[in-house]
Amino acid sequence: MTTQLQHVFDYDDLLTDTEREWQAKARAFARERIAPVIEDDFERAHFRRELIGLLGQQGFLGMHLSGYGCAGTGAVAYGLVCLELEAADSGWRTFVSVQGSLAMSAIHKYGSEAQKQTWLPRMARGEAVGCFALTEAQGGSDPAAMMTTARRDGDDWVLDGTKRWIGLASIADVAVVWATTPDGVRGFLVPTDTPGFTATPITGKLAMRASIQCDVVLDGVRLAGDAILPGANGLSGPFGCLNEARFGIVWGAMGAARSCLEAALERSTARSVFGKPIGQHQLTQAKLADMLVEYEKGVLLAHRLGRLKERGALTPAQISVGKLNNVREALEIAHTTRAILAGDGITNEWPVMRHAANLEAVRTYEGTDDIHALVIGRALTGLAAFA
Ligand code: TGC
Ligand code: FAD
């Protein structure tokens, strides 16, 4: 595809040189390493494991964390990398999210010094993979209802339960597992070769086909006493990590949207029906204009959240506004693009149906639209309507 979308608001003007460099590096990586193979990988449901080390070499893994071999960038730089990766495929932004924003950030925020030294440098280099096991089959929206338990046995901990939809679990070296204890929800670092830990990839997915999600069983998984994350007490532990991953999604969704919009523009000028380019029909222009408006608004919203995050002022409700809006609008852009491409739009000659399918998953994970609407509703009214 040749069309490259230009921002009408001269968005680059809002970025520092360093941020532009990170964006350019991620764009080049996505275009050279992911784009040429993604349609085939998606069709074959193949996760291209050899890219993990290359992502580490680029500095993208845990890039917003400081120390332990992490790049220590600002939030906007990280967001721009998420945008560029997701412009190629949501599955690769998800990889960076699960590794960096969920697993690494849990260890970085709540781990002991020994846990950080053991895992973070290797994870930053892509030599070790992490996963984040919160969701259970009985209802991912309500982690407070989790049934996985951790009990004391002498100095050890013993974990029992099941988790569902756990990204990367079957290739992970370490799982961050959330479980209930008599003192509330706690997090544990589980090396995945521990007896009793099994991860089985979920098959039959029609979205996120180039990435891995698993059912996980914890059957009497025995861990040393120091496997617990000392700094996480209660659900605020995992929720603190979700804030990080949701922030990346706010940006990433706009990458998928941009890819679709570029496809729509390309097709609008290249194809003629009723004697003129379809982009010269007013109805097509109205669609293109609506898509551009939502894309530009989404990027500016992501940018605003990024600057708030950089000064420590970003609230969970603001993240929910970004996640709800940007994923919803990206999906709408994917659907409208598919309509403009018409018949050819359902083929993998174009990335559009793949983005649309992936965005259905993105709309569901890290809190569904309903959950984010309720978080915003609670912030507006002071009244929680979850239960
Ligand atoms: P609630 O009573 O509101 O809070 C319990 C405790 O948590 C604190 N808290 C937060 N802390 C930090 N950040 C947040 N965003 C927080 N939200 C709440 C709260 O202050 C309280 O702390 P404390 O110390 O008083 O105990 O909790 P609730 O049970 O009513 O839940 C509210 C709700 C529905 C918003 C929450 O359950 C929720 O967010 N549900 C959605 C679950 C979800 O998003 N799961 C994602 C799993 S991981 C994933 O999908 C990875 S996808 C791959 C990728 O990211 O690319
Ligand atoms: P449910 O919670 O069963 O929700 C079903 C429906 O009910 C939804 O429409 C929901 O919006 C609605 N609903 C629920 N509660 C309310 C309410 N109070 N009011 C109104 N409506 C409500 N989890 C992890 O822990 N780690 C991962 O790495 C991970 N990766 C994932 C990757 C993919 C591709 C997918 C699809 C999921 C992943 N998840 C992961 C799980 C994800 O977070 C959950 O799917 C999500 O939280 C929703 O849970 P659920 O699918 O069980 O839906």
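Which element gives the largest share of the shell around ligand 1? It is α6, with 7 residues. The close-ups below come from a predicted model, where local features need pLDDT of at least 70, side-chain atom pairs count only at pLDDT 80 or more, and totals for chains, interfaces and linings use all residues. Residues are numbered from 1 along each chain as its sequence is written, chains are lettered from A and ligands numbered from 1 in the order in which they are written, and side-chain values use heavy atoms, leaving out hydrogens and water.

**View 1. The shell around ligand 1.** Here 26 residues surround the ligand, each with a heavy atom within 4 Å of it. The closest are N243, R246, E366, G367 and R378.

View 2. Look for pairs of N or O atoms within 3.5 Å. A nitrogen atom of ligand 1 lies 2.9 Å from a backbone N or O atom of S141. An oxygen atom of the ligand is 2.9 Å from a side-chain N or O atom of E366, and an oxygen atom of ligand 1 is 2.9 Å from a polar backbone atom of G367.

**View 3. The largest nonpolar core.** This core has 118 residues, among which F95 and W178 touch the most other members. Helix α6 (residues 236–270) gives the largest share, 15 residues; helices are DSSP runs of H or I, at least four residues long. Core members are buried Ala, Val, Leu, Ile, Met, Phe, Trp, Tyr and Cys residues joined through side-chain atoms within 4.5 Å, and buried means under 20% relative accessible area (1.4 Å probe, protein chains only).

Methods. Buried means under 20% relative accessible area, exposed over 50%, partly exposed in between (1.4 Å probe, protein chains only). Helices (H or I, at least four residues) and strands (E, at least two) are DSSP runs, numbered from the N terminus. A polar contact is a pair of N or O atoms within 3.5 Å; within protein, one must be able to donate a hydrogen and the other to accept it, and residues adjacent in sequence count only if both atoms are side-chain atoms.
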